[in-house]
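Subject: structure handover

Dear colleague,

Here is the structure to be passed on to you. My notes on it follow below the entry.

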Amino acid sequence: NQAGLLWIDSFTVGDEEAKTENDNGYGDHTDRTFNINKGTKVPVSLMPGFAQVKLKHYWSIWIDLNQDGDFEDDGELLFQAEHKDFGLVTGNIEIPNSIKTGKMMMRITMKHADYASPCEQFSYGEVEDYSINIK
């Protein structure tokens with residue numbers, strides 16, 4: 001596994017930041033909860049980390065909006081972006097007004113060479129899970 005070469009260094013959701021550095025491929029940070037209001041566009045920023053060589057990478061963010069324990073349903077992929085000069089990537093995630101409120105899971109992936117699927121295992125990059133509280 002080459003996960004230690006490319007990782008999610010930090011990201012923000014709204015004005016809340018998580019700095020996790022290298023989790024060696026997967027980080028379970030579900031004890032960390034971000035608060036978001038439904039029916040809003042929330043700014044996100046994502047910063048990669050590199051051990052040696054800067055590798056082309058692709059970001060994705062999913063939220064389990066229907067709270068069924070997976071990220072496979074329509075509308076749960078809320079963000080995708082390619083790297084931007086190997087630095088900070090920014091954008092927005094839109095939280096639908098029609099979803100239930102409460103706590104749910106958010107998954108962030110950063111993968112070398114292509115976008116990851118939500119449950120894919122891959123050699124270069126990282127997956128991190130967090131909790132989201134939709135108000």
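Glu-76 lies in the loop between S5 and strand S6 (77-82); strands (E, at least two residues) are DSSP runs, numbered from the N terminus. The model is predicted, so local features need pLDDT of at least 70 and side-chain atom pairs count only at pLDDT 80 or more, while totals for chains, interfaces and linings use all residues. Residues are numbered from 1 along each chain as its sequence is written, and side-chain values use heavy atoms, with hydrogens and water left out.

Glu-76 is buried (under 20% relative accessible area, 1.4 Å probe, protein chains only). Leaving out residues up to four places away in sequence, Glu-76 touches Ile-61, Trp-62, Ile-63, Asp-64, Leu-65, Asn-66, Asp-68, Asp-70 and Phe-71; contact means heavy atoms within 4.5 Å.

Arg-107 has Asp-129 in S9 as its bridge partner. S8 and strand S9 (residues 125-134) run antiparallel and are joined by 10 bridges. Strand S5 (residues 57-63) is also antiparallel to strand S8 (residues 102-112), with 7 bridges between them; Ser-60 has its bridge partner, Thr-109, in S8. Two strands pair if DSSP finds at least two bridges between them.

There is also an open sheet of 4 strands, in the order S2-S1-S4-S7, with antiparallel pairing. Strand S2 (16-19) and strand S7 (89-95) are at its edges; each has a single partner strand, so one side of each is left without a neighbour in the sheet. From one strand to the next the twist averages 25 degrees (axes are lines fitted to C-alpha atoms, and angles run from 0 to 180 degrees between N-to-C directions). Within this sheet, 7 bridges join strand S1 (residues 6-13) to strand S4 (residues 40-50), and Thr-12 stands opposite Ser-45 in S4.

For the protein as a whole, there are 9 strands and 0 helices (helices being DSSP runs of H or I, at least four residues). Of its 135 residues, 48% count as buried. Among contacts between residues at least 6 apart in sequence, 70% join residues at least 24 apart. The C-alpha atoms fill a box of roughly 45 × 25 × 25 Å, taken along the principal axes.

Regards

Technical notes:
Buried < 20%, exposed > 50% of the residue type's maximum accessible area, 1.4 Å probe, protein only. Lys, Arg positive; Asp, Glu negative; His and termini not counted. Salt bridge = Lys/Arg side-chain N within 4 Å of Asp/Glu carboxyl O.
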